[in-house]
Amino acid sequence: MEKAHQSWLYEKHAEVAIKNLRRNCFEAKYLPTAEAAFDEIMGRVTRETCIGMGDSLTLREIGVVKALEEEGYQLLNPWEKGISRPESMPIRRKALTSDVFLTGTNAVTMDGKLVSIDGLGNRVAGMIFGPLKVIVAVGANKLVNNVQEAIDRIKKISAPVNAYKHDYNSAYRPPCSDTGICSDCRPPARMCCNTAIIEGCSRDRERICVLIIGQSLGF
Ligand code: SF4
């Protein structure tokens, strides 16, 4: 598909999703490019903001993580180079009481819900409760029709690619990291232990801001 046609289609689909996200009391906005998303996110934090993070390739792809690291922001980054898994745990916990929690999500449904599957759960925990504001950056390639389609997409694409990318040792290695196909595995190898379907922000209106970006980002 030509890039212009793809962009048009992404925007049209995003319009519907945004209307329904707002109906569900999310803050929601369409940004046509990664550059626009970068400016939007950087405009929402200051050097006084304590910034937590859920793992997100999208945030890396649009350059936000690098900018926050290099420009001296208060970023709680458990994936910082040189930090071991045990050392990352207090950072993950602290991120749950941050001012702003930056994250991606696995899918946004056209009827205005966020669907995410986590292994450890710190990403979905921060989305649901704790941080004062949550900013979700998501490429329009992750727009799906409904929750079932979201879960199917995650099990077909996101989780296997994520498993493959992480190169786990044998005790924690999900079968999909070798086969590319979900076999509904069991813990401890299972990455898909925590499925969160966030249907709205009813008690804390617009606490979660969903930025839909008119490009293919993440997986
Ligand atoms: S094989 Fe396991 S880790 Fe991989 S997608 Fe299926 S449930 Fe998730």
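This is a predicted model: local features need pLDDT of at least 70, side-chain atom pairs count only at pLDDT 80 or more; totals for chains, interfaces and linings use all residues.

Visitor: What makes the six strands an open sheet, and in which order do they stand?
Guide: The order is β1-β10-β7-β4-β2-β3, with parallel pairing. Strands here are DSSP runs of E with at least two residues, whereas helices are runs of H or I with at least four, and both are numbered from the N terminus. Two strands count as paired if DSSP finds at least two bridges between them. At the edges stand β1 (27-31) and β3 (74-75), each of which pairs on one side only.

Visitor: How do you know that strands β2 and β4 are paired?
Guide: Strand β2 (residues 50-53) and strand β4 (residues 100-103) run parallel and are joined by three bridges, and the definition asks for at least two. Within β4, Leu102 stands opposite Met53.

Visitor: Which helix packs on the sheet at β1 and β10, and at what angle?
Guide: Helix α1 (residues 3-23) touches β1 and β10 (208-213), and its direction makes about 170° with that of β1. A contact requires C-beta atoms, placed from the backbone, within 7 Å. Angles run from 0 to 180 degrees between N-to-C directions, with axes fitted to C-alpha atoms, for helices over the stretch in contact. Helix α2 (residues 34-42) lies across β1, β4, β7 (133-139) and β10, at about 160° to β10.

Visitor: Why are β8 and β9 said to stand at the edges of their sheet?
Guide: The open sheet of four strands has the order β8-β5-β6-β9, with mixed pairing. Both β8 (143-144) and β9 (194-198) have a single partner strand, so one side of each is left without a neighbour in the sheet. Strand β5 (residues 107-109) pairs with β8 in the parallel sense over two bridges.

Visitor: What fraction of the 219 residues is buried?
Guide: Buried residues make up 40% of the chain; the word applies if 20 or more other C-beta atoms, placed from the backbone, lie within 10 Å of a residue's own, while 12 or fewer mean exposed and values in between partly exposed.

How values were computed
Residues are numbered from 1 along each chain as its sequence is written. Two residues are in contact if their C-beta atoms, placed from the backbone, lie within 7 Å.
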